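Hi,

Here is the structure I said I would pass on. Have a look at it first, and then read my notes below.

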Number of protein chains: 2
Amino acid sequence: MQDAHDMLFRTLADPTRRAIFERLCRQGEQTVGALTSQSGVSQPAVSKHLGLLKQAGLVRDRHEGRQTHYSAQLGALAPLMDWTREMAGFWEARFDDLEDLLKRMDQ
Amino acid sequence: MQDAHDMLFRTLADPTRRAIFERLCRQGEQTVGALTSQSGVSQPAVSKHLGLLKQAGLVRDRHEGRQTHYSAQLGALAPLMDWTREMAGFWEARFDDLEDLLKRMDQ
DNA sequence: CGAACATATATCCCTGTGGTTATACGTCAA
DNA sequence: TTGACGTATAACCACAGGGATATATGTTCG
């Protein structure tokens, strides 16, 4: 896992894991039990996914008695947005270059 | 592979494949040979990756003689940007709700 | 203290897939 | 037409990782 992009894409690539993250985004802080009940997989599976999401910086955990509450850390999505914008930017730059070229050829 | 998000995240999750896509974004149209020479993997591996990128709608191919030229299709990134914005949106919505709540409690 | 509960960790299995080599297919040149 | 070239497909291998079950760890309650 080289850079932050790698970590983010790989972590969000799994549907089950992404669904958990989406739910945390939509509905805010949730306990492991609550997340498990709607995940379609076992509790250990959910815990494993939450561990990976935490490693990627996409979620925080907060311990309260015997429960653990997880919440989304939206800041972690920034590199993803940057990457997307960067790629789109390259595309537009080439497009502009093409326009310039055509303009110059037109003269 | 359920929705478009799944396809996109899964396709971009592999570092080698993402590197190929990035190169197409940065430098525009490239032949398979050119992409292979800087990929660090074999030509068949590159072809396989290009096939998956094409399936995901991230690249186009153009045949010219015995060469195949591939180019990035930036439009395919739109669902990714939408998803990211949506997640960030949920976060902000909850933040606004919290602000509202605090404001109301303050009165 | 002991039992029920909430979550995490350990262990294992099994599928998916990224990689390779070998080869087939199509195109250009002589 | 034959051979070199560029790319795609086939067949296979190896390993990562997502899933389950079993169990450990920690917490509340009686």
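This is a predicted model: local features need pLDDT of at least 70, side-chain atom pairs count only at pLDDT 80 or more; totals for chains, interfaces and linings use all residues.

Let me start with one helix.

As for length, helix 4 of chain A has 13 residues and spans 18 Å from first C-alpha to last, close to the 18 Å expected at 1.5 Å a residue. After helix 4 of chain A comes Gly57(A), with a positive phi near 80°.

Now the DNA. Which element gives the most to the surface near DNA strand C? That is helix 4 of chain A again, with six residues. In total 23 residues lie around DNA strand C, and the nearest are Thr31(A), Gly33(A), Pro44(A), Ser42(B) and Gly65(B). Two or more residues each come from helix 3 (32–37), helix 4 (43–55) and strand 3 (67–72) of chain A, and from helix 4 (43–55) of chain B. Sorted by class, this surface has seven nonpolar, eleven polar and five charged residues.

DNA strand D also has 23 residues around it, with Ser42(A), Pro44(A), Gly65(A), Gly33(B) and Pro44(B) closest. Here the elements giving two or more residues are helix 4 of chain A, plus helix 3 (32–37), helix 4 and strand 3 (67–72) of chain B. Helix 4 of chain B has the largest share of the surface near DNA strand D, at six residues. By class, the surface near DNA strand D divides into seven nonpolar, eleven polar and five charged residues. Note that Pro44(A) is on the list of closest residues for DNA strand C and also on the list for DNA strand D.

On to the two protein chains. Chain A superposes on chain B by a rotation of 180° with 0.0 Å of shift along the axis, at an RMSD of 0.0 Å. The two copies are thus related as by a two-fold rotation axis. Of the interface residues of chain A, 100% are also interface residues in chain B, so the copies meet through the same surface.

What goes into that contact? There are 23 residues from chain A and 23 residues from chain B. On the side of chain A that touches chain B, helix 1, helix 2 and helix 5 (78–106) of chain A supply at least two residues each.

Helix 1 of chain A has its own buried set, namely Leu8(A), Phe9(A), Thr11(A) and Leu12(A). They cover an arc of only 165° around the axis, which puts them on the same side of helix 1 of chain A.

For the overall layout, chain A has five helices and three strands, and from the N terminus they run α-α-β-α-α-β-β-α. Of the 107 residues in chain A, 24% are buried. Among contacts in chain A between residues at least 6 apart in sequence, 49% join residues at least 24 apart.

Two single residues to look at:

- Gln30(A) sits in strand 1 (residues 30–31) of chain A and is buried, with 21 other C-beta atoms within 10 Å. The C-alpha atoms of Gln30(A) and His69(A) are 5.3 Å apart, though 39 residues separate the two along the chain. Beyond four places in sequence, Gln30(A) has contacts with Arg23(A), Leu24(A), Leu35(A), His69(A) and Tyr70(A).
- Thr68(B), in strand 3 of chain B, is partly exposed, with 15 other C-beta atoms within 10 Å. Beyond four places in sequence, Thr68(B) has contacts with Thr31(B), Val32(B), Asp61(B) and His63(B).

Cheers

How values were computed:
Residues are numbered from 1 along each chain as its sequence is written. Chains are lettered from A and ligands numbered from 1 in the order in which they are written. A residue is near a molecule or strand if its C-beta atom, placed from the backbone, lies within 6 Å of it. Helices (H or I, at least four residues) and strands (E, at least two) are DSSP runs, numbered from the N terminus. Ala, Val, Leu, Ile, Met, Phe, Trp, Tyr, Cys and Pro count as nonpolar, Asp, Glu, Lys and Arg as charged, and the others, Gly among them, as polar. The expected span of a helix is 1.5 Å times one less than its number of residues. Copies are superposed by least squares on the C-alpha atoms of residues with pLDDT of at least 70 in both. Two residues are in contact if their C-beta atoms, placed from the backbone, lie within 7 Å. A residue is buried if 20 or more other C-beta atoms lie within 10 Å of its own, exposed if 12 or fewer, and partly exposed in between; C-beta atoms are placed from the backbone. The arc is that of the directions from the helix axis to the C-beta atoms.
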